[in-house]
Amino acid sequence: MDLKALKEEVYEANLALVRLGLVLLTWGNASGIDRERGLVVIKPSGVDYDVMTPEDMVVVNLDSGEVVEGGLRPSTDTPTHLELYRNFRNIGGAVHTHSTYAVAWAQAQRDIPIIGTTSADYFYKPVPCCRQLTSDEIFTDYEHAVGEVIVETFRERNLDPNSTPAALARNHGPFCWGKSPMDAAHIAAVLEESAKLVFLTESLNSQLPMDQNLIEKHYQRKHGANAYYGQK
């Protein structure tokens with residue numbers, strides 16, 4: 001994929017966040033990566049979605065974080081996206097939103113558990129809520145630290161970012177990723193619906209753990225070696 005096509009794809013993924021009801025005002029961003037050239041394309045900071053164009057997307061160097069193309073400043077969350085790309089080598093797109101229910105779980109400082117097949121179709125393990133950042137992390141290099149703590153959480157909990165493609169930055173909000181920018185936006189929508197469903201379910205009955213066999217079945221039929229969901 002050439003850079004122009006990647007800019008278009010990242011632009012469309014950002015618009016999808018609005019269309020899916022995951023973004024209010026400018027509270028969100030989507031990015032994509034060209035791994036061959038080590039370049040990341042991301043939404044510009046604070047630009048309204050109604051006036052944004054594909055040409056406004058900003059290109060940054062994966063290793064240095066320096067802007068290599070674009071006249072606007074990249075999203076303030078760019079260092080977080082870069083840290084995810086550097087460590088989760090199979091992902092092709094990343095998304096950050098402040099969607100209502102996912103943020104509520106992040107503010108409650110709780111993992112989002114898997115208690116239904118809606119979640120199990122996409123998340124093999126509970127979506128983790130990361131630890132609190134230290135004062136030094138907050139005031140020294142905040143956005144980079146957010147990414148580092150997400151990576152740390154997956155390493156310490158032995159989670160696979162390919163099968164659990166999301167995390168909650170504590171008291172902040174969700175970061176999601178996927179094979180492409182649009183796939184990451186799709187995951188963000190599923191995460192928000194899952195967060196809402198678990199919230200509603202717990203209000204009715206907080207003692208409903210899901211059968212692990214059912215989780216296994218639903219995840220594997222969609223993502224396993226012998227998956228049979230959808231069309232070939």
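Here are some notes on the predicted model above, point by point.

1. **Ground rules.** This is a predicted model, with local features needing pLDDT of at least 70 and side-chain atom pairs counting only at pLDDT 80 or more, while totals for chains, interfaces and linings use all residues. Residues are numbered from 1 along each chain as its sequence is written, and side-chain values use heavy atoms, with hydrogens and water left out.

2. Let's start with the rings. The structure has five aromatic pairs. Here rings of Phe, Tyr and Trp (its six-membered ring) pair if their centres lie within 6.5 Å; planes under 30 degrees apart count as stacked, over 60 as edge-to-face and the rest as tilted. Take Phe88 and Phe154: the ring centres are 5.5 Å apart and the planes sit at 55°, so this pair is tilted.

3. Which other ring pairs with Phe88? It's Trp177: the centres are 5.1 Å apart with planes at 50°, so that pair is tilted. Trp177 belongs to strand β7 (residues 173–178), so its pairing with Phe88 ties together parts 89 residues apart in sequence. Put together, ring pairs link Phe88, Phe154 and Trp177 into a cluster.

4. **Buried or exposed?** Buried means under 20% relative accessible area, exposed over 50%, and partly exposed in between (1.4 Å probe, protein chains only). Phe88 and Phe154 are both buried. Phe88 has 6% relative accessibility, and Trp177 is buried too, at 1%.

5. **Charges over rings.** Have a look at two lysines next. A charge sits over a ring if NZ of Lys or CZ of Arg is within 6 Å of the ring centre and within 35 degrees of the ring normal. Lys43 lies over the face of Tyr49, 4.9 Å from the ring centre. Lys222 has its charged end over the ring of Tyr229, at 4.3 Å from the centre.

6. A nonpolar core is a set of buried Ala, Val, Leu, Ile, Met, Phe, Trp, Tyr and Cys residues joined through side-chain atoms within 4.5 Å. The largest one has 41 residues, and Ile112, Phe123, Leu168 and Leu191 touch the most other members. At least two residues come from each of α1 (3–19), β2 (39–42), α3, β6 and α6. Which element gives the largest share of this core? That's α6, with eight residues.

7. Contact means heavy atoms within 4.5 Å. Setting aside neighbours within four places in sequence, Leu168 is in contact with a list of residues including Trp105, Ile112, Val127, Cys129 and Cys130.

8. **Ser194.** This serine is in helix α6 and is buried, at 2% relative accessibility. Its side chain makes a polar contact with the side chain of Ser119, at 3.2 Å. For a polar contact you need a pair of N or O atoms within 3.5 Å; within protein, one must be able to donate a hydrogen and the other to accept it, and residues adjacent in sequence count only if both atoms are side-chain atoms. Not counting residues up to four places away in sequence, Ser194 touches Thr118, Ser119 and Phe123.

9. **Cysteines.** How many disulfides are there? Zero, across the whole structure, where a disulfide is a pair of cysteine sulfur atoms within 2.5 Å. The sulfur of Cys130 is 6.5 Å from its closest cysteine sulfur, in Cys129, which is too far for a bond. Cys129 is buried at 3% relative accessibility, and Cys130 is buried at 2%.

10. Gln109 isn't a glycine, yet has a positive phi of about 60°. It sits in the loop between α3 (100–107) and α4 (117–120) and is partly exposed, at 37%. Asn158, also not a glycine, has a positive phi of about 55°. Asn158 is in the loop between α5 and β6 (166–169) and is exposed, with a relative accessible area of 69%.

Terms used. Helix = DSSP H or I, 4+ residues; strand = E, 2+ residues; numbered from the N terminus.
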